[in-house]
Amino acid sequence: MKMQNFKYEGSGLNRFFGPLEAKIMEILWGTSAEMTIKDVQIKLDQDKAINFNTVMTVMNRLVDKGILQKKSVIRSFMYRPVVTREQFMETQSKELTFDLIEEFGSLAVTHMVDALDKVDPDLLDKLEQQIKELKKDR
């Protein structure tokens with residue numbers, strides 16, 4: 001599931017989702033239970049009153065995007081994320097990295113390497129080990 005509208009100016013989930021989508025996803029990722037639209041609306045109302053139809057529209061758009069799964073239960077629908085937050089972030093960061101390399105080639109790789117001086121030394125060691133593994137497999 002590749003998100004189409006990555007926003008450079010945002011942070012966290014707001015880089016991938018609109019503000020209400022991000023709040024809804026945080027709520028759903030924050031529980032192991034499936035939730036109805038009303039359940040989500042009640043949680044959202046704790047911050048600011050939001051119309052039921054607005055929440056329903058956004059959640060159904062997230063279903064259309066393949067982010068949420070919806071199942072019919074009696075006279076309602078239950079929603080749950082298709083993947084965990086961690087799986088989502090892993091997939092999106094991988095897709096973004098591939099897109100950057102495809103678009104900018106060695107420039108993207110050079111800038112990523114330049115950014116490594118700002119990371120945890122353990123991360124740098126892990127990257128070095130991955131490069132060695134990659135070379136060994138060639």
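Let me begin with F88, which is buried, as its relative accessible area is 1%; buried here means under 20% relative accessible area, exposed over 50% and partly exposed in between, with a 1.4 Å probe and protein chains only. The model is predicted, so local features need pLDDT of at least 70 and side-chain atom pairs pLDDT 80 or more, while totals for chains, interfaces and linings use all residues. Residues are numbered from 1 along each chain as its sequence is written, and side-chain values use heavy atoms, without hydrogens and water.

Which aromatic residues form one cluster with F88? The members are F16, F17, W29 and F88. A search of the whole structure gives 3 aromatic pairs, where rings of Phe, Tyr and Trp (its six-membered ring) pair if their centres lie within 6.5 Å, with planes under 30 degrees apart stacked, over 60 edge-to-face and the rest tilted. One of these is the edge-to-face pair of F16 and F88, at 5.5 Å centre to centre and 85° between the planes. This pair links distant parts of the chain, since F16 lies in the segment before α1 (19–29) and F88 in helix α4, 72 residues apart. F16 is buried, as is F88.

The pair of W29 and F88 is tilted, because the planes stand at 45°, with ring centres 5.5 Å apart. Here W29 in helix α1 and F88 in helix α4 are 59 residues apart. W29 counts as buried, at 17% relative accessibility.

Just after α4, G105 has a positive phi of about 55°.

Terms used
Helices (H or I, at least four residues) and strands (E, at least two) are DSSP runs, numbered from the N terminus.
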